[in-house]
Amino acid sequence: MKHYTSINDIDDINSWIEEAKKLKATPLKNIDLGQYKTLGLLFFNSSLRTRLSTQKAALNLGMNPIVMNVSGDAWGIEFEDGTVMNGTTAEHIKEAAAVVSQYCDVIAVRAFPGLTDKEKDESEHVIKSFVKYASVPIVSMESATEHPLQGFTDALTIAENATKKRPKVVLSWAPHIKALPHAVANSFTQAMQKMDVEFVIANPEGYNLSKEITKDTKIYHNQKEAFKDADFVYTKNWSSYDEYGQVLKTDSDWLITKEKIGEAKFMHCLPVRRNVVVEDAVLDSDASLVIEQANNRTFAAQLVLKKILEDL
Ligand SMILES: NCCC[C@H](NC(=O)CCC(=O)O)C(=O)O
Ligand SMILES: NC(=O)OP(=O)(O)O
């Protein structure tokens, strides 16, 4: 594999899941594969899980990870072509990506959307500029519209925890005080569409994700109806897509509670705000898979890096 920037880069999700399970069982089996190879991790935004699990994955493959917080620590990078750079940016992505490519065999990038300009966010100009101007493979650690390492992690976690052949999986919007990206919900949706599950989405009116992502997935505006007979409730807040980047609703009637999810397992990518998104009783119960999900981030990243290393 050359780059990993989307769930669409997965050719066969079921075989990826089987391979990831094997890596999880023997994580150090390929410790020689990445010897003398460097993984550069560039963060334009905060992270706990992605930052640590991707480094852990690299170490399990014998790679050397080097990490940089781009925002704040590096020079401001210009992404527009032909600009007179007399503002806040000090170097162009053309130079920055070419330079970092000399230090790293693989570059991983995290860059969230601005959530003010839909067209700009959907152009994925940051991650696509790295793909264009770097001479090495690029891995997305969450871009403007996708979080494919998370999406594959979630597919793996569902496969491991399913107790029936075709479980019912609900992606439910939940409240938040801030405007959050669509990336996690988009990649989760794309991953579920590739799996043999009954997948539905629950969100309030005004919060439908992009039709390009949801396609013919059933969308409920009634959470209770959607949760009926659910095996997994995957929760995430996102800002409005139609009224782009707006927070239309902050009241607690979509809060995830123990009573609402019933027998279902609870999933969230983390970080999660307790008692805003989901009540303590869910996170503190056996129904919660969130810690297991975070553990699987290592093996999702390890599989992606392994496939890239094998094709270097
Ligand atoms: N990496 C997983 C989620 C990252 C981000 N969450 C956040 O920004 C939460 C921030 C807060 O709760 O203040 C998101 O929604 O895409
Ligand atoms: N789930 C996830 O991507 O977590 P971080 O934002 O902490 O990396």
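The structure is a predicted model, in which local features need pLDDT of at least 70, side-chain atom pairs count only at pLDDT 80 or more, and totals for chains, interfaces and linings use all residues. Residues are numbered from 1 along each chain as its sequence is written, and chains are lettered from A and ligands numbered from 1 in the order in which they are written.

## The surroundings of the ligands

Around ligand 2 stand S47, L48, R49, T50, R51, E142, Q150, C269, L270 and P271. A residue is near a molecule or strand if its C-beta atom, placed from the backbone, lies within 6 Å of it. Helix α2 (residues 49-60) provides the largest share of this shell, with 3 residues. Helices (H or I, at least four residues) and strands (E, at least two) are DSSP runs, numbered from the N terminus. By class, the shell around ligand 2 holds 4 nonpolar, 3 polar and 3 charged residues. In this classification, Ala, Val, Leu, Ile, Met, Phe, Trp, Tyr, Cys and Pro count as nonpolar, Asp, Glu, Lys and Arg as charged, and the others, Gly among them, as polar.

The residues surrounding ligand 1 are E142, K178, L180, P181, A183, V184, C269, P271 and R273. Here the shell consists of 6 nonpolar and 3 charged residues, with no polar residue.

## E142 and R273

E142 belongs to the shell of ligand 2 and to that of ligand 1. Its place is in the loop between β6 (138-140) and α7. Why does E142 count as buried? E142 is buried because it has 26 C-beta neighbours inside 10 Å. A residue is buried if 20 or more other C-beta atoms lie within 10 Å of its own, exposed if 12 or fewer, and partly exposed in between, with C-beta atoms placed from the backbone. Apart from neighbours within four places in sequence, E142 is in contact with T50, R110, F112, H147 and A183; two residues are in contact if their C-beta atoms, placed from the backbone, lie within 7 Å.

R273, listed around ligand 1, lies in the loop between β11 (265-267) and α12 (280-283). R273 is partly exposed because 13 other C-beta atoms lie within 10 Å. An unreviewed UniProt entry places the feature "binding site" at E142, H176, K236 and R273. UniProt positions are given in the numbering used here, feature names are shortened, and annotations may be inferred rather than shown by experiment.

The centres of domain 1 and domain 2, taken over C-alpha atoms, are separated by 25 Å. Their contact takes 28 residues from domain 1 and 23 residues from domain 2. On the side of domain 1 that touches domain 2, α1 (13-25), α2 and α13 (290-310) each supply at least two residues. Which helix gives the most to this side of domain 1? It is α13, with 5 residues. This side of domain 1 has 16 nonpolar, 6 polar and 6 charged residues.

Helix α7 (residues 148-161) has 14 residues and reaches 20 Å from its first C-alpha to its last, close to the 20 Å expected at 1.5 Å a residue. The expected span of a helix is 1.5 Å times one less than its number of residues. The helix is mostly covered, with 11 of its 14 residues buried. Among the buried residues are Q150, A155 and L156.

I17, in helix α1, touches A155, L156 and A159, not counting residues up to four places away in sequence. With 20 C-beta neighbours inside 10 Å, I17 counts as buried. I17 and A300 are 283 residues apart in sequence, yet their C-alpha atoms are 8.8 Å apart in space.

## Residue L33

L33 is found in the loop between α1 and β1 (38-43). L33 is partly exposed, because 16 other C-beta atoms lie within 10 Å. Leaving out residues up to four places away in sequence, L33 touches L61, G62, K306 and L309. The C-alpha atoms of L33 and M63 are separated by 8.0 Å, while the two residues are 30 residues apart along the chain.

## Spans named in the record

The unreviewed UniProt entry places the feature "domain: Aspartate/ornithine carbamoyltransferase carbamoyl-P binding" at residues 2-160. This span is 42% helix and 15% strand, and its end C-alpha atoms lie 27 Å apart. The feature "domain: Aspartate/ornithine carbamoyltransferase Asp/Orn-binding" is placed by UniProt (unreviewed entry) at residues 184-305. The end C-alpha atoms of residues 184-305 lie 20 Å apart, and the span is 36% helix and 13% strand.

Key: Domain bounds come from an automatic or database domain assignment.
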